[in-house]
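Biologist: Could we go through this structure together? I would like to begin with the charged pairs and then turn to the nonpolar packing.

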Amino acid sequence: MATVLILGGGFGGAVAATRLKERLGDQVHITLIDKEPSYHICATNPWVMIGHAKPKDVTVWREGLAKHTVLVQAEVTAIDPRQRKVTTSRGEFQADYLIVALGADLNMSAVPGLAEHAESFFTTKDAEKLHKRLQEFQKGNIVVLVPRSPFKCPPSPYEAAMLLDDFFAQKGIHEGVRVSVWSLEGAPMATAGPEIGATVVGLLKDRGIEFHPRKRTVSVEAGKVNFEDGSSTAFELLIAVPPHEPPGCIKDSGLTGPSGWIHADPKTLKVAGFERVFAVGDVTTVPLPGRFAPDAPLVMPKAGVMAETEAIVVADNIADEVQGVAPSAVFDGAGYCYIETGGGEAMRGNGQFFASPNPTMTSRAPDREQAEEKKRWVKDWLAKYM
C-alpha cells in the first residue's frame with residue numbers, strides 16, 4: 001500500500017486527498033495535516049464583510065475529509081523533503097509521497113504601522129470584525145490598500161471596493177463616503193492582461209472609486225498611509241490586503257527558490273531535486289512562459305481554482321505511478337475567477353495562463369447570472385470536497 005502525506009487541508013490538500021482516494025481506494029493510505037479543524041473559502045469573506053453572510057454560513061468542518069484520510073490537527077514545524085518526513089506539534093510523520101499545500105501566511109506586521117491601523121477581510125474573523133466597523137461608519141475616506149504582492153484572490157481588493165461602495169449606497173449614506181484603491185500593482189489583476197485591467201478600472205470609475213497604481217506602501221500611521229514616492233493619503237478607515245509570506249516551516253526546508261516560495265514544475269508540480277515531492281497552490285511560485293513586457297516575467301496567480309487543478313494533476317500522476325502506469329497528467333494553466341461588482345452582479349474571467357506570447361483572459365459584462373454562478377461554485381465545491 002502506498003502512503004501519501006498531505007500538508008494543508010485547503011483547496012489543494014482537500015482535492016488531492018479526494019482524488020487519490022477516488023483513484024486508488026484501498027491501495028493508498030493518506031494522512032492530511034492541518035492546524036485548523038475548520039475551513040472557509042476565501043472568496044466568501046467579502047460576503048461576511050458586508051453582512052450578506054455570517055461566519056457560520058461560510059465555515060465548514062473538515063470532518064468530510066475523514067472519509068478519505070487520517071486527519072491530524074497539528075502545526076507543521078519542519079520538513080525534510082529528502083526523507084519525506086515532517087515534524088509537527090503532534091509528532092513526526094513520513095510517507096512514500098509528500099504533497100505540500102500549506103498556502104500562505106498573512107503578516108500585517110510586515111509593513112510598519114499596518115497591523116495597528118488597518119482592518120482586513122482575508123480571514124472570516126477579520127471580515128466579521130470589519131463588518132462591525134462598517135455598520136458604525138458614517139462618513140469619510142475609506143482606503144483599500146494593496147501594500148505588497150503576491151497575494152491570493154487577485155480580484156479581491158477591487159471587488160471589496162465595489163462591494164463597499166454598494167454597501168454604503170444601500171445604507172443611504174453614499175454621498176458621505178469616498179472609497180479609493182491604492183496599490184503597488186500597475187493595473188488590477190496584472191497577470192490577466194491589460195484588457196482585463198482596463199475593464200476593472202472602468203468598473204471602479206463607473207462607481208466613482210479612484211484607483212491609484214504603483215503606490216508602494218512604506219509605513220502607516222494614524223489616519224495616513226505613506227508611499228515610497230513621497231506621497232501619502234489620508235483615511236478614516238483603512239482596509240488592507242495583508243502581506244503574504246511563505247509558511248515558516250518551509251523556509252529552512254530546502255524546498256524554496258530565490259522568491260522564498262516553493263518553485264514547482266509548471267506541468268507536473270514536482271519540486272526539483274526531491275523524489276516524490278510535490279507542491280500545489282499558494283505556497284508555490286509557478287513561472288509562466290509568456291509575458292506582456294520583455295523585462296517583466298510572470299508567475300501563476302495565487303487562486304483556489306489553480307490549486308484545485310494542480311492537485312488533480314498531482315493526484316492522477318501519483319495514482320498512475322502506484323498502479324504501474326506511466327504518469328501523463330499535465331497542468332494546462334487554465335483557470336477562472338469571479339469578481340463581484342455590487343448590485344448583486346458579478347463578472348467571471350476565464351484565463352489561459354500558459355498561452356503565448358502572453359496569458360489571456362476573456363470575460364463578459366457583469367450580471368446577476370454570474371453572481372449566482374459564483375454562489376453555486378462555492379456550494380458545489382464544499383459539498384464535493386469537505
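**Salt bridges and cores**

Modeller: In this predicted model, the side chains of E373 and R348 form a salt bridge, at 3.0 Å from N to O. The pair connects distant parts of the chain, with E373 in helix 10 and R348 in strand 23 (residues 345-352), 25 residues apart.

Biologist: Is E373 buried or partly exposed?

Modeller: E373 counts as partly exposed, at 22% relative accessibility. R348 is also partly exposed, with a relative accessible area of 22%.

Biologist: What about E159 and K374?

Modeller: Their side chains meet in a salt bridge at 3.5 Å, N to O. E159 counts as buried because its relative accessibility is 4%, under the 20% limit. K374 is buried too, at 2%.

Biologist: Turning to the packing, which residues touch the most other members of the largest nonpolar core?

Modeller: M49 and W381 do, in a core of 95 residues. Helix 9 (residues 304-322) gives the most to this core, with nine residues.

Biologist: What is M49 in contact with, leaving aside its neighbours within four places in sequence?

Modeller: Its contacts include F121, L130, H131 and L164. There is also a second, separate core of 21 residues, with L5, F93, L98 and A279 among them.

Key
Residues numbered from 1 in each chain as written. Predicted model: local features only at pLDDT ≥ 70, side-chain atom pairs only at ≥ 80, totals over all residues. Heavy atoms only, no water. Core = buried A, V, L, I, M, F, W, Y, C linked by side-chain atoms within 4.5 Å. Buried < 20%, exposed > 50% of the residue type's maximum accessible area, 1.4 Å probe, protein only. Helix = DSSP H or I, 4+ residues; strand = E, 2+ residues; numbered from the N terminus. Contact = heavy atoms within 4.5 Å. Salt bridge = Lys/Arg side-chain N within 4 Å of Asp/Glu carboxyl O.
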